[in-house]
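Have the viewer open as you read.

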Amino acid sequence: MKDYYEVLGVKRGATAAEIKSAYRKQALEWHPDRNKAPEANDRFKQINEAYQVLSDAQKKQTYDQVGHDAYTRGNMGSASGGGAPGAGYGQQGPFSYSTQGFDFDFGGADPFDIFEQFFGGRSPFGSAGGRARPRRNIYEMTISFDEAVHGVEKTTVIEGKEKKIKVPAGVDDNMRIRFQDFDVLVHVRPSPTFKREGQDIYVEKQISYAQAVLGDVIDVKTIDDSVKIKVRPGTESGSMIRLKEKGVPYPNTKRRGDQYVVIKIHVPEKVSGKAKKILEELKKELA
């Protein structure tokens, strides 16, 4: 396994705030409920294991003194005293936890607060320390597809008071956002142009048979603007062209999903006499 600092993407000597910020970013990116990559589950465990050590001043000091290999081999960070750190993981609700006889140390932060606004659902623990969490009022809000992918701020009346509701860019349908005194369940109206799967966007683009055979440069709409892309000669209907990081932002991060352009070849029902002759010649040429 990598050095814990490498896992979280921070330098040695990073402050507690920098470690906490890096942990949240990595945990949101690699959480198995949102990241479907085969290695997501293992990466998420490593991220939690690294944070468990680096967020604790005493454990961090020992880790810095003896080094990664000695620390993990000696299991100096385990509260239960048995097995290597990271062994014995389970999963409840939206996030993983350790079954070594202790919960991950979230540096005083409630793991429910960290994850709920991004993953929805209820924490498997009542709250930090196992205390029962009081029932919260849940309000529903419907926003457009464009507002969901770019973020929006709306003013509404909740609990008799005017509230400004800031919806971060990248929220999805049925995602619950946590505020100080209440929760907001977001509903997103679908787009007539784009299909969304997580943070990835799919859009169909029709091209002519000639463009498919000869290749061309075409304009494609994205959620932000239009871009020009190259269609290679011999492109088949159903082919997909990936536009890296042209998808939906992950909430409160700089990372974005991708956009996939699905090529559809348009076959006209009727053609002119001249076009028909050209197609007949082409038919013979390709026979």
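Start with F182, which is buried at a relative accessible area of 4%; buried means under 20%, exposed over 50% and partly exposed in between, using a 1.4 Å probe and protein chains only. Before going on, note that this is a predicted model, where local features need pLDDT of at least 70, side-chain atom pairs count only at pLDDT 80 or more, and totals for chains, interfaces and linings use all residues. Residues are numbered from 1 along each chain as its sequence is written, and side-chain values use heavy atoms, with hydrogens and water left out.

Now for the aromatic rings. Rings of Phe, Tyr and Trp (its six-membered ring) pair if their centres lie within 6.5 Å; planes under 30 degrees apart are stacked, over 60 edge-to-face, and the rest tilted. That rule gives 7 aromatic pairs. One of them is Y23 with Y51: the centres are 4.1 Å apart and the planes at 15°, so this pair is stacked. Y23 is buried, at 1% relative accessibility, and Y51 is buried too, at 4%. Back to F182: with Y139 it makes an edge-to-face pair, 5.8 Å centre to centre and 90° between the planes. Y139 itself is partly exposed, at 25% relative accessible area. Elsewhere, ring pairs join Y4, Y5 and Y63 into a cluster.

What lies over the face of W30? That's R43, 4.2 Å from the ring centre; a charge sits over a ring if NZ of Lys or CZ of Arg is within 6 Å of the ring centre and within 35 degrees of the ring normal.
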